[in-house]
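Have a look at the sequence and the fold, then read on.

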Amino acid sequence: MVESPASVYPFDAIVVPGSLSIKTKDGTYEPGDQGKMRLEAAAIAYYHKMAPYIVLLNGTTAPNEDGLTEVRFIQRAYKKLAGDTQIIPSKVIFTENRSINTATNMDELAIIAAAHQIRSALIITNKYHGPRSTLFACE
């Protein structure tokens, strides 16, 4: 883990539970509306130095999807915030593509957190999903 003084970052990671991706008319994929809101909020949190890392709990993907839909989206959102001059370094974005629901999202988060010494997290999700995410994250 990169040294991150507590005075700079209030959390070790920004965590975004996945949501369904949508296949567009041109055959590519993009996050659904709920995912877009979460990813935009995560980009804002990273921009405001809430944590040095981002964990994208993407879960399983469609057969033709490459597993990077959320990474591309958050990069575009961050680039807009930074005035098209910066992107989030790929080395600070951790992704997983195995989980199938909120419980397994948090199981995968535990693995990533242990591997990267992440002890605190800001979970970015939607109002309806917050209690469930928090419950599973605390188990």
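A residue is called buried under 20% relative accessible area, exposed over 50%, and partly exposed in between (1.4 Å probe, protein chains only). Please keep in mind that this is a predicted model, in which local features need pLDDT of at least 70 and side-chain atom pairs count only at pLDDT 80 or more, while totals for chains, interfaces and linings use all residues. Residues are numbered from 1 along each chain as its sequence is written, and side-chain values use heavy atoms, with hydrogens and water left out.

**The chain as a whole**

- The chain holds four helices and six strands; helices (H or I, at least four residues) and strands (E, at least two) are DSSP runs, numbered from the N terminus.
- Starting at the N terminus, the order of elements is β-β-β-α-β-α-β-α-β-α.
- Of the 139 residues, 40% count as buried.
- Among contacts (heavy atoms within 4.5 Å) between residues at least 6 apart in sequence, 73% join residues at least 24 apart.

**The sheet**

- Four strands make an open sheet in the order β5-β4-β1-β6, with parallel pairing; two strands pair if DSSP finds at least two bridges between them.
- β5 (93-96) and β6 stand at the edges with a single partner strand each, so one side of each has no neighbour in the sheet.
- Neighbouring strands of this sheet are turned by 20° against each other on average, direction ignored.
- Strand β1 (residues 13-17) pairs with β4 (residues 53-57) over five bridges, and Ile14 has Ile54 as its bridge partner in β4.
- Three bridges join β1 to β6 (residues 121-123), where Ala121 is the bridge partner of Ala13.
- β4 and β5 are linked by four bridges, with Leu56 facing Thr95 of β5 as its bridge partner.

**Cover around the sheet**

- In a regular strand the side chains alternate between the two faces of the sheet.
- In β1, both faces are covered: Ala13, Val15 and Pro17 are buried on one side, and Ile14 and Val16 on the other.
- Helix α1 lies across β1, β4 and β6, at about 175° to β1; axes are lines fitted to C-alpha atoms, for helices over the stretch in contact, and angles run from 0 to 180 degrees between N-to-C directions.
- Helix α3 (residues 102-116) lies across β1, β4 and β5, at about 150° to β4.

**Salt bridges**

- The chain has three salt bridges, each defined by a side-chain nitrogen of Lys or Arg within 4 Å of a carboxyl oxygen of Asp or Glu.
- Lys36 pairs with Glu30, the closest N and O atoms being 2.8 Å apart; Lys36 is partly exposed at 22% relative accessible area, and Glu30 is partly exposed at 29%.
- Arg72 pairs with Asp66, with the closest N and O atoms 2.9 Å apart.
- Arg98 and Glu108 meet at 2.6 Å, N to O.
- This pair links Arg98, in the loop between β5 and α3, to Glu108 in helix α3, 10 residues apart.
- Arg98 is exposed, at 57% relative accessible area, whereas Glu108 is buried, at 12%.
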